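Q: Please take a close look at one contact between parts of this structure, and then carry on to what surrounds it. I would like the cut-offs behind each term as you go.

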Amino acid sequence: MKNLILKMADDALIIGHRNSEWTGIGPLLEEDIAFSSMSQDKIGHAWALYRILNEELGGEDPDKAAFNRSVKDFTCCHLVEYPIGEFDFSLVRHFLMDKAEFHRYDLLLQSSFLPLVNLAKKVKGEIKYHVMHADTWMQQLANGNEESKARIQSALNLVYPIAFSLFEKQDDEQAVIEQKVFVGEDVLKSIWVDDIANRIKEFGLTIPSSIDSSAHLGGRKGYHTDHLEPLLKEMTEVFAIDPNAEW
Amino acid sequence: MIIDTNKDEKIWLALNEVQDPEIPVLSLVDLGMISKVDSSNAHSVKVYMTPTFTGCPAINIMKTMIVLKLLEHGFENAVVIIDTENIWSTDKISELAKEKLKKFGIAAPNKKSCLVEMSDLKDVPCPHCGSNYTTLRSPFGSTLCRAMHYCNNCNQSFEQFKPI
């Protein structure tokens, strides 16, 4: 169960930090604010998850968990590690990831572990806004002009296979399922695949046909892309200089 | 356990003086953020606070504000506990508080929580002129709890405390 919560926290922390890079450079003021707000939400979710680990399961202090671990100890998936790229890349990643997050928390409403149920109740309302935001922009750009449609389609072709890294299983998954903490990644994946397929069709876009997602696995076991280490280095810069600094 | 109603009343009155740092016309009590108070221990007071948004950056400031306000009213050793069981939603904001919000220039959350759809963010009445001829600009605003709208009648931007 600790692994499940830790990977959820790591995903939220890393995507939160990543997308905060849009602060100040968003293509529109509203988007600058939207990506900044969603990042803040995600870091809040990470904080709540690290707190559950700390308070209920004997894990370390949330700040230490976030700032004082080596790359190998992070269990985030490859999807969240990639640089923000251009707006089409970040938008499609946000669309694919938040749909998965929405369904994950929805499934966690049935968890046997009460702290996760309470958190899911809280977080679902917030993620709804993330999903709304992503859907609105996907709809608009897919139906904008030829260039916007082509760019969204090519970003989708690139990001869709990487998004399967979200559902990489962990060694103790069977126990998590048996204890009814979570129904498992396969169930989540099939709900997500159907939902994404429906939305993509509505937008008039196409799901890439042959997908090899195996190249993007490993994150849950500590094998990361080359992009994670520089991100962590930047994120933990203040902590590395002075672990007791208050800011 | 002896419940001293007089003591509880004094604590709630003190808490009613703690203003939200982002919306200074509302108290934490107005917003429905104080879920319970435990004064059963003679030497300390426990205040349970449920945050509006998980990532609200004002949580620590509000905790300090509560402790200082209670100290000012003679309650030493107050502790603020983050209540993760009582989930906050905009339904917890009192009607009086919604009026205060409007006067402050922020549109009140309209619909019940958990039923929020994109359409609920449309045609939000403008807090300045009351017109419903408004457009949602973004579901995100200057703080996590606000959305941005534009009034096509009085041509002004305004914010809304978004339903959650």
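A: The C-alpha centres of domain 1 and domain 2 of chain B lie 28 Å apart; domain 1 covers 5–88 and domain 2 covers 105–161, with bounds that come from an automatic or database domain assignment. This is a predicted model, in which local features need pLDDT of at least 70 and side-chain atom pairs count only at pLDDT 80 or more, while totals for chains, interfaces and linings use all residues. Residues are numbered from 1 along each chain as its sequence is written, chains are lettered from A and ligands numbered from 1 in the order in which they are written, and side-chain values use heavy atoms, leaving out hydrogens and water.

Between the two domains, 7 residues of domain 1 of chain B are in contact with 6 residues of domain 2 of chain B, contact meaning heavy atoms within 4.5 Å. The two domains of chain B bury about 550 Å² between them, 80% of it on carbon and sulfur atoms; buried area is the accessible area (1.4 Å probe) that two parts lose on being put together, summed over both. On the side of domain 1 of chain B, the residues that lose the most area to domain 2 are E22(B), I23(B) and F53(B), which together make up 71% of what that side buries.

Elsewhere in chain B, the charged end of K36(B) sits over the ring of Y48(B), 4.6 Å from its centre; the rule asks for NZ of Lys or CZ of Arg within 6 Å of the ring centre and within 35 degrees of the ring normal. In chain A, R51(A) likewise lies over the face of W47(A), at 4.3 Å from the ring centre.

Turning to ring pairs, the structure holds 12 aromatic pairs over all chains (rings of Phe, Tyr and Trp, its six-membered ring, with centres within 6.5 Å; planes under 30 degrees apart count as stacked, over 60 as edge-to-face and the rest as tilted). One of them joins F164(A) and F167(A), edge-to-face at 6.4 Å centre to centre and 75° between the planes. F164(A) also pairs with W192(A): the centres are 5.4 Å apart and the planes at 90°, so this pair is edge-to-face. Because F164(A) lies in the loop between α6 (146–163) and α7 (173–178) of chain A and W192(A) in helix α8 (residues 185–203), the pair ties together parts that are 28 residues apart in sequence; helices (H or I, at least four residues) and strands (E, at least two) are DSSP runs, numbered from the N terminus. W192(A) counts as buried at 0% relative accessibility, as does F167(A) at 4% (buried is under 20% relative accessible area, exposed over 50%, partly exposed in between, with a 1.4 Å probe and protein chains only).
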